[in-house]
Amino acid sequence: MSTYRDFAHRGSARATVLRTVGTRERRSHLTAPRVPTVGIDIGGTKVMAGVVDADGVILEKIRTETPDKSKSPKVVEDVICELVLDLSDRHDVHAVGIGAAGWVDADRSTVLFAPHLAWRNEPLRDALSARLAVPVLVDNDANTAAWAEWRFGAGRGEDHLVMITLGTGIGGAILQDGQVKRGKYGVAGEFGHMQVVPGGHRCPCGNRGCWEQYSSGNALVREARELAAADSPVAHVLIDRVGGTIGDITGPLITELAREGDAMCVELFQDIGQWLGVGIANLAAALDPSCFVVGGGVSAADDLLIGPARDAFRRHLTGRGYRPEARIVKAELGPEAGMVGAADLARLVARRFRRANRRRVERHERYERYAQALRNPGTPRPSREV
């Protein structure tokens, strides 16, 4: 006869195995329920929300401006809830995923810091879960964009991917074997603040020479405005286009002129692209991925940017000529990537939510059966379930 200790040991081992399998299943997108979820992308200027199905197809999308001036946590939460409730009127929403431009803790619950919003150690997940009555997942917007590109875009089939998002600054994410690598504290992937030029341009982060000061939307516009302010002959087309108002020079305008063949704007993209390639070569030395996906608004320049980046990457890659080279590709999902990725990641918590609801219903039914048996003594009592 087995002793209690033997039984307890076997039970403990079995529980450990079940917990391990359960965790693996919960983390797998393959086992997530094929239900519609809402993805939300929050930036300093806009909040975009959409209902996304299990194949990454956007069923409906709405957007609004980020609340102006104060951008207090409560005001932004109100906007998020309004968007979700609006979509819920027309769709059966099972969970909400949020991609926030900021640092999110490893538990994906608290926004530690958001540069464009008044979020400092903000428990966003719990605050929204209480108001929306569905599970909420919070993650960094670069992480959600990388997940979307791996699942549905340019990174499909890759087992080790690095995402570079070029916008006002540089964001990034690391994805390996179907998991986003967030680091011990949840803030991995802040590639834009690697120092590439000691003592270089001052960065809003407080340091000098950060990568994003040489390869980003801000860097592109800064260089163009400096040339225009100096009344450089090479900038005459750009100056004429804005009527001499230097402050009207923007990234999309520079991209437009570069596509039209303006020599100065093409050269600016070559400079930005070369710095991009240098940074990617550094990341390859540290992480050795199989693919780099370049997204964000600046990537709309296509080969004006990606071409010079590939050339610089090959020139600066450690051990060049004696090692496999990672692919550098443009993201495919555009500005919706963060929203789609947030919605798809939320499907993983929707699975747990549905399980918990099912168990709650089962417990209620058991209690009802016991209550019925007590009210009717002649009825056989149901056996107790474990």
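In which sense do β2 and strand β3 pair, and over how many bridges? The pairing is antiparallel and runs over seven bridges. Keep in mind as you look around that this is a predicted model.

Let's start with β2 itself, which spans residues 46-52. This strand is mostly covered, with seven of its seven residues buried. Its residues point two ways: K46, M48, G50 and V52 go one way, while V47, A49 and V51 go the other. Residues on either side are buried, and that includes K46.

## Pairing with β1

On one hand there is strand β1, residues 37-42, which pairs with β2 in the antiparallel sense over six bridges. If you want a landmark for this pairing, find D41, which stands opposite M48 in β2. Three residues lie between β1 and β2, and the two strands form a hairpin.

## Pairing with β3

Then there is β3, made up of residues 58-65 and antiparallel to β2. A handy place to look here is V52, whose bridge partner in β3 is I58.

## A look at D53

D53 sits in the loop between β2 and β3. Its side chain reaches the backbone nitrogen of D55 at 2.9 Å. D53 can also be placed relative to T37: the two are 16 residues apart in sequence, and their C-alpha atoms are 6.7 Å apart in space.

Key. Residues numbered from 1 in each chain as written. Predicted model: local features only at pLDDT ≥ 70, side-chain atom pairs only at ≥ 80, totals over all residues. Heavy atoms only, no water. Buried < 20%, exposed > 50% of the residue type's maximum accessible area, 1.4 Å probe, protein only. Helix = DSSP H or I, 4+ residues; strand = E, 2+ residues; numbered from the N terminus. Pairing = 2+ DSSP bridges. Polar contact = N/O pair within 3.5 Å; in protein donor to acceptor, adjacent residues only side chain to side chain.
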